[in-house]
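Dear colleague,

Please find below the structure I am handing over to you, followed by an account of what was found in it.

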Amino acid sequence: MLGRDSSIAIHRSFVVQEVTGCSGGGSDEMKTQYRDMFNLDGRVAIITGAGRGIGKAIGHALGAWGAKIVVADIDSDLAKGTVDELEAAGIDAIAVVLDITASGAPKDLFDTAESRFGRTDILVNNAGVSARIPAESYPDADFDAMVDLNLGAVFRGMREAASRWIKEEHPGVIINLASFAGVVADPLSAPYAATKGAVVQLTRTCAVEWAPYGIRVNAIGPGYVRTEMTAHTLDTPEAGAVIRAKTALGRAGRTDEIANAALYLAADASSYTTGHILMVDGGWTAA
Ligand SMILES: NC(=O)c1ccc[n+]([C@@H]2O[C@H](COP(=O)([O-])OP(=O)(O)OC[C@H]3O[C@@H](n4cnc5c(N)ncnc54)[C@H](O)[C@@H]3O)[C@@H](O)[C@H]2O)c1
């Protein structure tokens, strides 16, 4: 297992490479160097909302490359189900059952992760809700709950991670789940779109603010991905047809296609990427 010192040493070796260029001498050495770029051995990833859907797939992707996974979810059956799946795949994982919007939840989550695994390296702010309701009749209570989870909990999680990593001089990685709806209009989703647009700006702003500490902050902007969140909409003939027509690749995404992006952003392969919103949307926002 990589200790924190060796992780920092690896991080520093990238700084040296900024001056020397690629450090590889022969082609075998370079192959190893490129393979190691995705190695997450010994690192600990906290993923909120990993009980199902995109968060669960991210757990599999990071775990497959060696990360230990902290599955944080409000639903205990889902959280335990993900942990069982990960363990069956040979991945070290624990479930932390909590409502991430509750007072003190991010602190409890990081404390539990550290007491079990001794460190934290990656935070994936994935838990979120969506709703398709006309803006003119959107209920106040639903608006407040959505902002609290999709934006408030994301910010509080980022703050918890960064305050610890700055104190520890540890270059951690934050990945936020934004959305195509955070950068272009998606009618019937005004509050959802607003929270995701805010996550885009949180990502950019904190990336610049925390760059001096080596902390990287990026976001993923998925298009429509088939999960329990979207199945109803995708299976409604009219809405499903509109979604396929607006997606250049002509289909909904799969959760593993989003997880691949998270793997890149979590790994040293993306060591020079921060403040970036990686659109994984089948070309929706390119059109
Ligand atoms: N599926 C898509 O098409 C899509 C598109 C763009 C962005 N996203 C974003 O990706 C993320 C994951 O989406 P998904 O489709 O996998 O959703 P999902 O509904 O399938 O899964 C969300 C998970 O979060 C958990 N959760 C909900 N509230 C929580 C809380 N308060 N505390 C802790 N856990 C909580 C749920 O129990 C569930 O396991 C969300 O932020 C979503 O907005 C999804």
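I begin with a helix pair: α3 and α10 cross in the right-handed sense. The angle between α3 and helix α10 (residues 255–266) is about 50°, and their axes lie 8 Å apart. On the α3 side, the contact is formed by Gly53, Ile54, Ala57, Ile58, His60, Ala61 and Leu62; α10 contributes Thr255, Asp256, Ile258, Ala259, Asn260, Ala262, Leu263 and Ala266. By class, the residues of this contact are 10 nonpolar, 4 polar and 1 charged. Please bear in mind throughout that the model is a predicted one.

Helix α3 (residues 53–64) also matters for the ligand site, as it gives the most to the shell around the ligand, with 3 residues. The ligand has 28 residues around it, of which Gly49, Gly51, Gly53, Gly128 and Thr227 come nearest. The shell is made up of 11 nonpolar, 12 polar and 5 charged residues.

The crossing of α5 and α6 is right-handed. Pro106, Lys107 and Phe110 of α5 meet Arg156, Gly157, Glu160 and Arg164 of α6 in the contact. In terms of class, the contact of α5 with α6 comprises 2 nonpolar, 1 polar and 4 charged residues.

Turning to the strands, there is an open sheet of 7 strands in the order β3-β2-β1-β4-β5-β6-β7, paired in parallel. Its edge strands are β3 (93–97) and β7 (277–280), each of which pairs on one side only. From one strand to the next, the twist averages 20°. Within the sheet, β1 (residues 44–48) and β2 (residues 68–73) are joined in the parallel sense over 5 bridges. Val44 has Lys68 as its bridge partner in β2. Helix α4 (residues 76–88) packs on the sheet, where α4 touches β2 and β3. The direction of α4 makes about 175° with that of β3.

With kind regards

Conventions: Residues numbered from 1 in each chain as written. Predicted model: local features only at pLDDT ≥ 70, side-chain atom pairs only at ≥ 80, totals over all residues. Near = placed C-beta within 6 Å. Helix = DSSP H or I, 4+ residues; strand = E, 2+ residues; numbered from the N terminus. Nonpolar A, V, L, I, M, F, W, Y, C, P; charged D, E, K, R; others polar. Left-handed = near helix turned anticlockwise from the far one by under 90°. Contact = placed C-beta atoms within 7 Å. Pairing = 2+ DSSP bridges. Axes fitted to C-alpha atoms, helices over the stretch in contact; angles between N-to-C directions.
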